[in-house]
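I opened the model today and kept notes. The entries follow.

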Amino acid sequence: MNSLAKHKGLLPPSALRGIRLGLSVSDSADLARLGLLEIHFRIALGEIARCVLLSGGEIVYGGHLDPRGYTAFLMHELKRYGEEQNPSLHICLAWQEHRKLSISEFQKQNKSLGMLGTITCLDVDGAPIDPTKGRSERPIPETDSEVRAKSLTALRRYMAEHVDAQIFIGGKREGYHGDMPGLIEEAIITLKTSRSIYLAGGFGGVTLDIIRALEIDSGSWFPQGTSKQTSCQRVIKGIGKLEKIKKSSKGVDLRNGLSDVENRKLATTHRPSEIAALICLGLSRKFAKHVH
C-alpha cells in the first residue's frame with residue numbers, strides 16, 4: 001500500500017484545525033478470541049488520539065466520567081498532546097450520566113479537564129443544559145429504562161450533528177441500554193448524514209458486525225466457532241436496519257477519503273499504528289482544503 005507508506009507520520013500541524021472527530025468506542029468481547037488484550041485496544045485509541053490532537057483536530061466523545069473508563073483515558077492523552085489555546089476534547093454526557101453525579105463531583109471533573117476541553121450535558125431530548133440548575137448537591141439517578149434509552153438516542157443524534165467524521169472501534173453486544181447496541185444506533189444515525197465514517201474492525205465487537213452488514217469486508221479472517229453475533233434479537237434488529245440502508249442506497253459511501261481496498265484494510269487490522277495511519281490518510285484526503 002504505497003499511499004499508506006507515505007502517510008506513516010502525522011498530518012501537518014493545523015491540518016485538522018476546526019475539524020471534529022466523533023469517537024464511538026466501547027469494550028469488545030472478542031479481544032480474547034483474537035488473542036488480544038485490553039491494553040492493545042487502548043494503545044489503538046491512544047494512536048488515534050495522538051494523530052488527531054497533534055494535527056490540531058478535536059475529539060468528541062459521548063460517554064461517562066468513570067475514572068476507569070475511556071473518558072479518563074482520553075483526558076490523559078489530551079494532557080500529553082493537546083493545546084491549551086485550542087480546547088481539543090469535547091465530552092458529551094447523556095441525561096442519566098450527569099444526573100448520577102453529585103454537583104461537586106461534576107465540578108471536580110470539569111476543573112480537571114481545565115482549558116484543554118469542555119463537557120456538554122444534555123437533557124432527555126438532547127438539548128444542552130446547565131447540569132447544576134434546579135437540583136441539589138446529591139446525585140439524582142435516572143431509573144426509568146425508557147428515559148435512559150431515549151436520552152442515549154438523543155445523545156447520539158446530538159453528536160452526529162456536531163462532528164465532521166465518526167470513528168468506530170469495538171462495541172458491546174451485551175450490557176447496553178436501548179433497543180440495540182449503541183454503536184449500531186450511532187452507525188445508523190451517522191449513515192443518514194453527510195459525515196465521514198471510519199470503521200476499525202480489527203478488534204471485533206459491534207464494529208465488525210457493522211462492517212459485515214455493510215459488506216465492507218466479509219470478516220472471513222475472524223476466528224471461527226461459537227459467536228454471539230446473532231444471539232441477541234436486539235442485535236439482529238439493528239443489523240437488519242443497517243442491511244436495509246445498504247440495499248436502499250445500492251451500496252454505502254463512507255465518504256472518508258479511503259479507497260475500497262483501504263477501507264477493507266482498516267476493517268481488518270488490529271495494529272494501532274496502521275489504524276491511525278489509515279484514518280490520517282483518509283482525513284488528509286477528505287479535509288485537504290482545510291490544510292493551511
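**Notebook: loop, strand, helices**

I looked up Leu37 and found it in the loop between β1 (20–26) and α2 (38–54). I take helices (H or I, at least four residues) and strands (E, at least two) as DSSP runs, numbered from the N terminus. The model is predicted: local features need pLDDT of at least 70, side-chain atom pairs count only at pLDDT 80 or more, and totals for chains, interfaces and linings use all residues. Residues are numbered from 1 along each chain as its sequence is written, and side-chain values use heavy atoms, with hydrogens and water left out.

Leu37 is exposed, at 53% relative accessible area. My cut-offs are under 20% for buried and over 50% for exposed, with partly exposed in between (1.4 Å probe, protein chains only).

Next, β1. Six of its seven residues are buried. β1 pairs with strand β2 (residues 58–63) in the parallel sense over four bridges; pairing needs at least two DSSP bridges between the strands. I noted that Gly22 has Val60 of β2 as its bridge partner.

Then α10 (residues 260–268). Glu262, Asn263, Leu266 and Ala267 are buried there. They lie on the same side of α10, because they cover an arc of only 145° around the axis. The arc is taken from the directions from the helix axis to the C-beta atoms. An α-helix has 3.6 residues a turn, so residues three or four places apart point the same way.
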